[in-house]
Amino acid sequence: MSISNGVARVVRQDDGAHVGVFGAHTVRTAFQPIFAFGPGGLAIVAYEGLARPFRDDEQLTPGAFFAAVPGSARLNVETMTRTAHLLNAGVWLDPSVAVFVNFDPSLFDEISVADAALRDMRHVLQQAGIDPRRVVCEVTEQKSPSEAALYRFVQALKVHGFRIAIDDYGSANSDINRVKGLKPDIVKFDAQWITRLMETGPGFALLASMVASFSEQGIETVFEGIEEPWQLELAEKAGASMVQGFVLARPEIVPAVFRSAPGAAAASAAPLAALAEGPVPAAEPRAHARARPFGRRSRAPQSETP
């Protein structure tokens, strides 16, 4: 099976981690856990793959790196990054957890591009030993030059067993028609948007209503950018299926925190009440505000670029 230039740019380093190489840049994988609410507390059910670019030994912000990538190379770089995430997931993550990877709809302007992306995914998953049912393909809220090509691609992903998520719902480019058209399995709510809604009673009521509406359609929800215990409490009260954010765990670059258990980074669980005393496993300690029903945030939530 032929592979694309993006897949070919991924190499395995001596430490066992797969990295993407683009010019003078090396792009490493960071995984951030996604937790689900359950009877026993919060449990890790998935990880999101996030890009961590370096130039020599200097780490760059993902936004700065991707902004500097020429338009002609953007598809290859996105494919490279996603490939590294999946290969690392095959080595370092527990087989029972899902893996979230991103697709930028603005790159799917032709059916041939979508077909090539699907071929790449099948090749990489075979190499990584990952069942497609573990993979959640996040479609970001960017506009697509060809909605028809995007919808066809998403349908093909579903046929091959992949799950679909719409990312950053509630951002400026959000479109409820895309949700209706793509019929995703999961909707990830934009971090800044849900934080604004949590600041007031009416806003929280609207948020809970939307979660209930999606649930009635069989769509799970993820609240991103959860940074404070009071936000976590409101996420549970709103009925969110899953949560992700610094109050729970920060992204960790492979293989730093996975070195002790290659192939089996075990899922963990913790009672919700325990989060009042500290995060579950976080790379850096954070000061937490007292839990409260509603309240204004001190700063915008941290965002991540996969």
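The largest nonpolar core of this predicted model has 76 residues. A nonpolar core here is a set of buried Ala, Val, Leu, Ile, Met, Phe, Trp, Tyr and Cys residues joined through side-chain atoms within 4.5 Å, and buried means under 20% relative accessible area, with exposed over 50% and partly exposed in between (1.4 Å probe, protein chains only). Helix 4 (residues 111-128) gives this core its largest share, 8 residues. Helices are DSSP runs of H or I with at least four residues, strands are runs of E with at least two, and both are numbered from the N terminus. In soluble globular proteins, nonpolar side chains tend to be buried together.

Which residues have the most contacts inside the core? They are Val-135, Phe-189, Phe-223 and Val-243. Take Phe-223: leaving out residues up to four places away in sequence, the residues it touches include Phe-189, Leu-207, Met-242 and Val-243, where contact means heavy atoms within 4.5 Å.

Now let us follow the backbone. Most residues other than glycine have a negative phi, and most peptide bonds are trans. Asp-56, not a glycine, has a positive phi of about 60°. Asp-56 sits in the loop between strand 4 (41-55) and strand 5 (58-59) and is exposed, at 66% relative accessible area. Asp-168 also has a positive phi of about 60°, but its place is in strand 8 (residues 163-169), and it is partly exposed, at 25%. The peptide bond from Val-254 to Pro-255 is cis, with omega near 5°.

Residues are numbered from 1 along each chain as its sequence is written, and side-chain values use heavy atoms, without hydrogens or water. Because the model is predicted, local features need pLDDT of at least 70 and side-chain atom pairs count only at pLDDT 80 or more, while totals for chains, interfaces and linings use all residues.
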